[in-house]
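Please look over the sequence and coordinates shown here before reading on.

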Amino acid sequence: MEIDMIVDNRQDYIQEIRKGIRNFNKEKNKTGYFSKQCPKDYNEPFGFYAIKDNKLVGGMIVHKKMQWIDVEILYIEKEYRNQHIATQLIEKVTNYCKENDLVGIHLCTLDFQAKEFYEKQNFQLIAEIKDWPRNHTRYEFIKYVK
């Protein structure tokens, strides 16, 4: 049997693959979580933002996935760093998780970014991946909020 292998961003293929894994998960996992319909906002990006004098000075872009918040980006403008803005954003996201009965926060950072900051915020290091990207290390963290 010959099978063609292609690379593409076809949305109909993406949706079909997602549907397939969801059906597989429902069949194999009997906890009830996978039998529920995903909420409309599942995996849709939204943000927590820091505003000073009507200017965006930083923020976090996140996704709600599997009863977790998955942080895509945390960024603070250079002149506003070391003013506890990132700490306040983490607190805001933590409170959001508690208010919405979510398990916790998941995020990744690189060796030249904010590993020490997340450790100070009581995140638990769960993975260290060398050469992601090449010559750097990627760190994955979680923080349970309950």
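## Helix H2 and its packing

The buried residues of H2 pack against strand E1 (46-52), strand E2 (55-65), strand E3 (68-76), strand E4 (104-110), helix H3 (115-120) and strand E6 (137-144), where contact means heavy atoms within 4.5 Å and helices (H or I, at least four residues) and strands (E, at least two) are DSSP runs numbered from the N terminus. This is a predicted model, in which local features need pLDDT of at least 70 and side-chain atom pairs count only at pLDDT 80 or more, while totals for chains, interfaces and linings use all residues. Residues are numbered from 1 along each chain as its sequence is written, and side-chain values use heavy atoms, with hydrogens and water left out.

Among the buried residues of H2 are Ile 85, Leu 89, Ile 90, Val 93 and Cys 97 (buried is under 20% relative accessible area, exposed over 50%, partly exposed in between, with a 1.4 Å probe and protein chains only). Just after H2, Asp 101 adopts a positive phi of about 55°.

## Cysteines

With a disulfide defined as a pair of cysteine sulfur atoms within 2.5 Å, the count is zero. Cys 97 is in no disulfide, since the nearest cysteine sulfur, that of Cys 108, lies 16 Å away. Cys 97 is buried at 0% relative accessibility, whereas Cys 108 is partly exposed, with a relative accessible area of 27%.

## Segment before H1

Met 5 is found in the segment before helix H1 (11-28), and Met 5 is exposed, with a relative accessible area of 73%.
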